[in-house]
Amino acid sequence: MTEQGGSARPRAGRAPSMADVAARAGVSHQTVSRVLNDSPQVKGATRERVVAAIAELGYRRNGAARSLAMNRSRRIGMVAAHLGLYGPSMIASSMQDAAHAAGYELALVGLSDPTSSALRGAVDRLLEQMVEIIVVAAAHESVVAAARDLDLPVPLVLTQGVGPQEEHAVGIDQEQGGYAATAHLLDLGHPQVAHVTGPLRWVEAAQRREGWLRAHAERGKEPGLEIAGDWTPPSGHAAGQRIGSDPSVSAVFVANDGMALGVLTGLHEAGRSVPDDVSVVGFDDIPEAAFFWPPLTTVRQDFASLGARAVAQALEEVEGTGARPSSLTIPPLVERRSTAARRRD
């Protein structure tokens with residue numbers, strides 16, 4: 001094989017191959033491969049010729065063939081529930097960005113039914129795509145339990161519904177977030193705090209409720225009124241109407257910002273002023289929370305960071321990079337105008 005550039009071009013209608021690049025640059029197939037893999041063994045002038053041939057022919061590397069040759073897919077699988085909600089959608093989006101930055105693709109399967117059989121089906125779909133690792137972001141108790149029991153040929157990482165110091169997992173300390181929200185209200189002088197829960201079979205709703213209970217217990221107080229919600233503004237609205245009819249309630253911790261919006265509306269309709277009559281704290285800090293009326297005090301979940309940490313953990317499992325994020329991070333309380341000291345009549 002000579003080192004002089006040739007004039008070979010692929011036949012019309014066929015994508016250029018590595019052999020076409022080699023012929024055009026006047027080098028061997030192995031030399032083209034070395035250039036594509038950034039090998040230091042290729043001399044500068046030869047490398048420039050190969051790069052020029054690639055550009056001229058419009059050659060695109062065959063990712064599937066490369067994966068087979070390297071026995072690597074460079075693909076992270078993700079199972080996610082409730083993608084219509086702000087938190088899960090942000091986790092998925094940030095994971096995709098972090099995966100692409102690390103040279104990986106993200107294969108996403110939505111979980112519409114939070115059951116162990118649905119999880120198994122989603123995992124099987126990802127394994128068919130030759131993923132190197134699976135990340136599960138679904139905080140329903142049955143899904144989390146089933147995920148922990150899976151026997152898989154690839155590693156698995158949990159990102160939601162995790163406990164302290166859990167291995168192969170990253171998350172946000174939901175109990176501490178619930179504690180911080182409740183403690184803020186109690187420390188403002190409210191004798192007790194009502195709580196609008198999320199669906200308690202969702203692990204994170206139950207964890208936030210535990211924080212609400214702990215804040216009262218540490219201060220020797222009985223917890224306030226408890227109302228079950230379902231994450232949606234309508235359920236918050238119904239809770240707000242109920243709270244609005246009870247003059248003994250002066251503070252409420254709501255398990256997510258969507259329900260908190262409904263609570264605010266229900267309180268306004270009942271003629272209760274926020275925060276003069278009732279202080280309200282939410283959870284998540286969605287982008288709209290600062291524009292509620294009044295602007296909502298809430299617990300901020302950094303979903304973008306969580307997605308990036310999930311990818312970092314996945315890469316540690318696959319590549320042994322040494323990057324082992326801590327299991328849980330503490331979410332901060334963002335104080336706005338929906339909370340105030342208890343008014344003394």
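Select Tyr86, which at 29% relative accessibility counts as partly exposed, a class that lies between buried (under 20% relative accessible area) and exposed (over 50%), taken with a 1.4 Å probe and protein chains only. The model is predicted, so local features need pLDDT of at least 70 and side-chain atom pairs count only at pLDDT 80 or more, while totals for chains, interfaces and linings use all residues. Residues are numbered from 1 along each chain as its sequence is written, and side-chain values use heavy atoms, with hydrogens and water left out.

A search of the whole structure finds 2 aromatic pairs, where rings of Phe, Tyr and Trp (its six-membered ring) pair with centres within 6.5 Å, and planes under 30 degrees apart count as stacked, over 60 as edge-to-face and the rest as tilted. The ring centres of Tyr86 and Phe303 are 5.7 Å apart and their planes stand at 80 degrees, so this pair is edge-to-face.

Now move to Phe253 and Phe283, whose aromatic pair is tilted, at 6.2 Å centre to centre and 45 degrees between the planes. Phe253 lies in strand 8 and Phe283 in strand 9, so the pair ties together parts 30 residues apart in sequence; strands are DSSP runs (E, at least two residues), numbered from the N terminus. Both Phe253 and Phe283 are buried.

Finally, select strand 9 (residues 279–284), where 6 of the 6 residues are buried, so the strand is largely enclosed by the rest of the structure.

Terms used: Helix = DSSP H or I, 4+ residues; strand = E, 2+ residues; numbered from the N terminus.
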